[in-house]
Amino acid sequence: MTALDTSKTVAVIGAGTMGAGIAQVAAAAGHPVLLFDVADGAARAAIVTIGKGLDRLVTREKISRETADAIVGHIVPANGLEALTGASLVIEAIVENLDIKQALFAQLEDIVAAGAILATNTSSISVTSIARGLRAPGRVAGLHFFNPAPVMKLVEIVSGRVTDPAIAETLFDTATAWGKIAVHTRSTPGFIVNRVARPFYAEALRLCEEQVADPATLDALMKGGGGFPMGPFELMDLIGNDVNYAVSLSVFNAYYQDPRFRPSLLQLELVNAGHLGRKSGRGYYDYTEGAKRPLPRFETPKAGIPPLGNFKIGTDKELEGVQIALSDGRMASEVARELRRPVILHDFMSDGATTLGFAVSADMPDSIVSRFVASLSPEGIDAVRLPDWPGLVVLRTLSMLANEGFEASLQGVADQSDIDLAMRYGLNHPQGPITRAKEIGLVRVLSVLDSIFRLTGDPRYRASFALRNSSADDVNHHSIDPDVAPAI
Ligand code: NAI
């Protein structure tokens, strides 16, 4: 264990949203903390804000008065950079601008001791570039917290081209000692989370653009079917559509406009309209007082309609001449032609799910659709009828998230286990994308991507070689069960 001893001083530069949160985390761990901001009085004001936040926790009996006072007591405003001379770890959380960050680190080199660690909280700038030109660039690393820093568990430890591995280890152990989940990653655009998360938004935006479903219905499917704590549209409205669009565009350009990261014109139009989300009162949803949330378009179960046989989610089945199966990325009509029987394909459902999307092959009688819906409602499952679209909604998104996770692991951005941890603790996803894909079955996930790629011709859906390669040894082989549905 090489965690920084709690007697050592941590300096935080930049007392904005992130700097204040990081200062609180370091102080809560017991370090003396120096907080510096270029704006007059900003550090002092941030300490007052931290104190108020802690007061609320005391009122809600989450922490004791003594603890709150001790945390605030550990943070001291610094009047100038020179005051940071005794710091063993400096964490920079200033404006996101390479030149300004480089100039700051160059100044710091002359102020702090030779053994002090210089860390940056940058979300999007290359750690390698920030360290460039310093006398000792090996002591610079990324320490990427998530907002709000005292609440979000994840910290990405970002190694640049010349970061000393011992420095990355110390930061990893220190973040762990501070109660965080630390993961190692290489300095690449978006690191882990801001890269691997792109499809969560991008697939929803694309499905909405293609008029597969509206935001409320897509959010309901991702939450009720995929088990995500928030739907993509709600989350984009919370983050701010301007911020989310800017991150998407920056990752897209940073990867030389790889179509995998192509931003959405729909999102751009919201930004153009000033519909930035909660902060502007309107985004995909209307947040003005008294505004009603649009309801998801669930099918209404009809009274007195008998359910379709003894249908149970999770097993592919032929019931009364209709094949019911979990999607494998093909269109229902395509599978129907192959099997020469009508087909209902349904979306992926996580454990305890309450919402299920489905699509039917052409010429499916309405009576069968009603009976399928009737067999879901006693199970407490709301059904969403979708157009016959490859991969439907949840399965397509999970497949794309996994694909990006595999691709990031292939490129050595991080280990698969760290990618999974990062997505769970940086975004509160119920499971990491790679673990989830393994549970679904890598053969199916690959089939979903290959089908969408074949049907759309869009290189955005090309499967990562790492996924294709891993799927070859997939023992959890799920595809439409040939015993029940023999291909004719
Ligand atoms: P912010 O705008 O809330 O705060 C930045 C603070 O830095 C301001 O108080 C400003 O006065 C101060 N500052 C600017 N230049 C300075 C300098 N040369 N020396 C000292 N102080 C200076 O920004 P925020 O959101 O806290 O972001 C800070 C950093 O954290 C950025 O690099 C950002 O990319 C990164 N980040 C932001 C996240 C977020 O959700 N806001 C999440 C993770 C990282």
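Eight strands form an open sheet whose order is 3-2-1-4-5-6-7-8 and whose pairing is mixed; strands here (E, at least two residues) and helices (H or I, at least four) are DSSP runs numbered from the N terminus, and two strands pair if DSSP finds at least two bridges between them. At the edges stand strand 3 (75-77) and strand 8 (181-186), each of which pairs on one side only. On average, neighbouring strands of this sheet are turned by 25 degrees against each other, direction ignored, where axes are lines fitted to C-alpha atoms, for helices over the stretch in contact, and angles run from 0 to 180 degrees between N-to-C directions. This is a predicted model, in which local features need pLDDT of at least 70 and side-chain atom pairs count only at pLDDT 80 or more, while totals for chains, interfaces and linings use all residues. Residues are numbered from 1 along each chain as its sequence is written, and side-chain values use heavy atoms, with hydrogens and water left out.

Helix 2 (residues 42-59) lies across strand 2 and strand 3 and runs at about 155 degrees to strand 3, contact meaning heavy atoms within 4.5 Å.

The UniProt record, an unreviewed entry, places the feature "domain: 3-hydroxyacyl-CoA dehydrogenase C-terminal" at residues 190-287 and 391-468; UniProt positions are given in the numbering used here, feature names are shortened, and annotations may be inferred rather than shown by experiment. Over residues 190-287 the chain is 59% helix and 0% strand, with its end C-alpha atoms 30 Å apart, and over residues 391-468 the chain is 72% helix and 0% strand, with the end C-alpha atoms 17 Å apart.

Helix 10 (residues 232-239) and helix 11 (residues 241-254) pack at an angle of about 100 degrees, their axes lying 6 Å apart. That angle makes helix 10 roughly perpendicular to helix 11, a term that covers 65 to 115 degrees. The contact is made by M236, D237 and I239 of helix 10 together with N241, V243 and N244 of helix 11. These residues divide into three nonpolar, two polar and one charged, where Ala, Val, Leu, Ile, Met, Phe, Trp, Tyr, Cys and Pro count as nonpolar, Asp, Glu, Lys and Arg as charged, and the others, Gly among them, as polar.

Conventions:
Parallel < 35°, antiparallel > 145°, perpendicular 65-115°, else oblique.
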